[in-house]
There are 2 protein chains.
Amino acid sequence: MKLLCDYIAREGRILPGNIVKVDGFVNHQIDTKLLYQMGEELHKNFNNCNVTKVLTVESSGIAIACATAQFFNFVPVVFAKKHQGANTKDEAFLSRVHSFTHNNDYDMTVSKKFLSKDDTVLIVDDFLATGEASYGLIDICKQAGAKIAGIGIIVEKAWQDGGKRLRRDGYHLESLAIINSADPEKGFKFAE
Amino acid sequence: MKLLCDYIAREGRILPGNIVKVDGFVNHQIDTKLLYQMGEELHKNFNNCNVTKVLTVESSGIAIACATAQFFNFVPVVFAKKHQGANTKDEAFLSRVHSFTHNNDYDMTVSKKFLSKDDTVLIVDDFLATGEASYGLIDICKQAGAKIAGIGIIVEKAWQDGGKRLRRDGYHLESLAIINSADPEKGFKFAE
């Protein structure tokens, strides 16, 4: 999505250690016009998949999930909650996820009331790096017996292998911007 | 907002201790059509306030903040981040907030880049109970020197005193549903 790549090139920042910051328009301050356009674009990519629910994980996936769901005729959004050591196994689907950012494990949970085998789920998130969060959400869909329409991402960092793994495993993955490299001196390079 | 009160009466649940659960349509699964209509309604209430930013706090305020911002000609949303013991005082506005739900204190922070004295802020959140979160966001606006247009809430629990305090302190507060009482046997009573 050229509009998004232009935003990242203009307003994104690169910190030492290849850390990409888009907190001016994606995940602290949100450019809501861009958000709306990104939701529209994700809808185009999964338009014919009979999506019944959009699934994400708190916090920064919630905005893009809601923007996207509007274009799917206002299907519900479900957001997984993050806990340290959740204790809700009977009432909730639970997946343990490792966070490389914070170097810890957390549990993501979704109440069993809100996902079922009748659902076709579009998984949405703001960032894709190692893919841990995506695989956690996939795990939860599998526990629910739900179909997975695909995975829609705002920013994929292609030098980490989450995208590669997801595509190799046969998931329909669409990333609105794929950054091949981010160097504090040379700037961003995007995939064609 | 009659539509929302009808939703709460039909789908909300009351747990022992006057705990109101609206997780089927507000803060775990989100009814995105209702969300859109709630955003429209909040816009009607603050239409003439020259709002430049919508401010909320992660996680469950993000959805209503984004839905509302659309109707204000797509002004930016800023969401405060929650930390245990934040260490960002130089770069961020910080307010310490007590959570009665979790019986602990947390720090909410907003980067100094995203709020200034030129802003007129609409504060938005899903729940209003004791008002701790709202006063934290007010504190952050004051640190930034920003004007406060008002506070828009989805569900106000009127038997806790947050609403009373905010109105007494002169803030323009609009709650889409005001629940006067929630009893597991007698159900919900809403303000007229």
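I began with the chain pair: 32 residues of chain B are in contact (heavy atoms within 4.5 Å) with 32 residues of chain A. I noted that this is a predicted model, where local features need pLDDT of at least 70, side-chain atom pairs count only at pLDDT 80 or more, and totals for chains, interfaces and linings use all residues. Residues are numbered from 1 along each chain as its sequence is written, chains are lettered from A and ligands numbered from 1 in the order in which they are written, and side-chain values use heavy atoms, with hydrogens and water left out.

**Interface**

I looked up the buried area, the accessible area (1.4 Å probe) that two parts lose on being put together, summed over both. Chain B and chain A bury about 2700 Å² between them, and 61% of that is on carbon and sulfur atoms.

Next I checked salt bridges (a side-chain nitrogen of Lys or Arg within 4 Å of a carboxyl oxygen of Asp or Glu). The rule finds two across this interface. I found a salt bridge between the side chains of Asp23(A) and Lys113(B), at 3.8 Å from N to O.

I then took polar contacts (N or O atoms within 3.5 Å, one able to donate a hydrogen and the other to accept it within protein; residues adjacent in sequence count only if both atoms are side-chain atoms). There are 17 such residue pairs between chain B and chain A, both residues at pLDDT 80 or more. On chain B, the elements giving two or more residues to the side that touches chain A are strand E3 (29-30), H2, H3, strand E5 (77-83) and strand E7 (104-111). H3(B) gives the most, with five residues. I took helices (H or I, at least four residues) and strands (E, at least two) as DSSP runs, numbered from the N terminus. By class, this side of chain B has 15 nonpolar, 10 polar and seven charged residues.

**Backbone**

I found a cis peptide bond between Glu58(A) and Ser59(A), with omega about -10 degrees. Ser59(A) sits in the loop between strand E4 (53-57) and H3 of chain A. In chain B, the bond from Glu58(B) to Ser59(B) is cis too, with omega near -5 degrees. Ser59(B) lies in the loop between strand E4 (53-57) and H3 of chain B.

I also noted Phe74(A), a residue other than glycine with a positive phi, near 60 degrees. Phe74(A) is in the loop between H3 and strand E5 (77-83) of chain A. I logged these entries because most residues other than glycine have a negative phi, and most peptide bonds are trans.

Key
Ala, Val, Leu, Ile, Met, Phe, Trp, Tyr, Cys and Pro count as nonpolar, Asp, Glu, Lys and Arg as charged, and the others, Gly among them, as polar.
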